[in-house]
Amino acid sequence: MRFRPCSCKHFTNSYSVIEFVYQGNKNMSSILPNRKGGILKASFLAISGFILALSGAASAAEPIDISQIVQDNSVEAAASTVMVQRLSDGQVWVSNAARSEERFSPASSSKIPHTLIALETGVAAPDTVFKWDGKSRWVDAWNRDQSLTSAFQVSAVWVYQDIVQRVGAKGMAEWLDRFDYGNANIGTEATLTTYWLQDILLVSAVEQVNFLHRLVERDLPLSDTTYAAADAIMQTDTGDAWTMYSKTGWRHGADIMDIGWYAGWVRCGSDTYVFALNMDMPGASFRNLRITTSTAVLEAIGAFDCQ
């Protein structure tokens, strides 16, 4: 399991450290709480011990198992994974560590990198209007003109299909590679508008967390304008000194198990927690468990208890 180490400012030698659904979590207050040999050898060992002590303070302890929290929220730990990283010290919490490294189609959770690409390339601003083509789609909220902001919030696939065509296959592949987002594979021109909905672009929970870590730390090759706009677009709820930014995803397939995603970050006072969940979705009734389970984990580890 490979995590980005935390950005530790206290030490000189620090580590750089669904497809649905109408997101419907712009105001999730009903779900989220209001809430973190000899003398030379001996000298060498002593110095090494000191360095390790600093490193230990600047890096995280071993990952903490949160499988029971997941189970207690009606999600089978063996058929899911949840990972959270606290950025101040790099502490990681994980359920089903083996699955956290397994790649799946990201579905609409990929709208986080896709939105960043749209903003940075100038293809769209937050209030850019995408005119509805009049075709009735299965989510009613999609059947109207959209801005980039509303398209993210209601997960309007057709808007993002427009965006990737404007950016082009070469541009999308290059940006996903710069982001180190999963396998960064978009397939061919023929799959340009569907690669994130099929098993072409693939990403693991570990990779989602690492990508979000870089986003939060402003370590991606993006302008300050893009970061500021993304914050406004991706915000899904606020509470007592905390703010959540997040996106759901639902990979649906006729002959394979559906996969649900929930990924994002919580700013809580001076700290930030990045998280990613994916889980098997035997039916639509499981979709709310993506958010409620993630929220239960975040609450249990103190992500809403801001100081």
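Let me start with Asp231. Leaving aside its neighbours within four places in sequence, Asp231 is in contact with Tyr245, Trp265 and Arg267. Keep in mind that this is a predicted model. Where does Asp231 lie? In helix α9. Val216 sits 15 residues away from Asp231 along the chain, and the two C-alpha atoms are separated by 9.4 Å.

Now the sheet. There are seven strands, and the sheet is open. Reading across, the order is β1-β3-β2-β9-β8-β7-β6. The pairing is mixed. Which are the edge strands? They are β1, residues 64-65, and β6, residues 235-238. Each of these pairs on one side only.

Look at β7 and β8. Strand β7 covers residues 242-251, and strand β8 covers residues 258-268. They run antiparallel, over 10 bridges.

Two helices next. Helix α9, residues 224-234, packs on the sheet. Helix α9 touches β6, β7 and β8. Its direction makes about 65 degrees with that of β6. Helix α10, residues 287-300, also packs on the sheet. The strands that α10 touches are β2 (80-86), β7, β8 and β9 (271-281). Against β9, the direction of α10 makes about 145 degrees.

On to the aromatics. How many aromatic pairs are there? The count comes to nine. Take Trp138 and Trp142. Their ring centres are 6.1 Å apart and their planes are at 80 degrees, so this pair is edge-to-face. Are these two buried or exposed? Trp138 counts as exposed, because its relative accessibility is 60%. Trp142 counts as buried, because its value is 3%.

Then Tyr181 and Phe211. This aromatic pair is edge-to-face, with 5.2 Å centre to centre and 80 degrees between the planes. Tyr181 is in the loop between α7 (169-178) and α8 (205-216), while Phe211 is in helix α8, so the pair ties together parts that are 30 residues apart in sequence. Both Tyr181 and Phe211 are buried. They also belong to a cluster: ring pairs link Trp175, Phe179, Tyr181 and Phe211.

Last, charges over rings. Trp175 comes up again here. The charged end of Arg178 sits over the Trp175 ring, 4.4 Å from its centre. Elsewhere, Lys247 lies over the face of Phe152, at 6.0 Å from the ring centre.

How values were computed:
Residues are numbered from 1 along each chain as its sequence is written. This is a predicted model: local features need pLDDT of at least 70, side-chain atom pairs count only at pLDDT 80 or more; totals for chains, interfaces and linings use all residues. Side-chain values use heavy atoms; hydrogens and water are left out. Two strands pair if DSSP finds at least two bridges between them. Helices (H or I, at least four residues) and strands (E, at least two) are DSSP runs, numbered from the N terminus. Contact means heavy atoms within 4.5 Å. Axes are lines fitted to C-alpha atoms, for helices over the stretch in contact, and angles run from 0 to 180 degrees between N-to-C directions. Rings of Phe, Tyr and Trp (its six-membered ring) pair if their centres lie within 6.5 Å; planes under 30 degrees apart count as stacked, over 60 as edge-to-face and the rest as tilted. Buried means under 20% relative accessible area, exposed over 50%, partly exposed in between (1.4 Å probe, protein chains only). A charge sits over a ring if NZ of Lys or CZ of Arg is within 6 Å of the ring centre and within 35 degrees of the ring normal.
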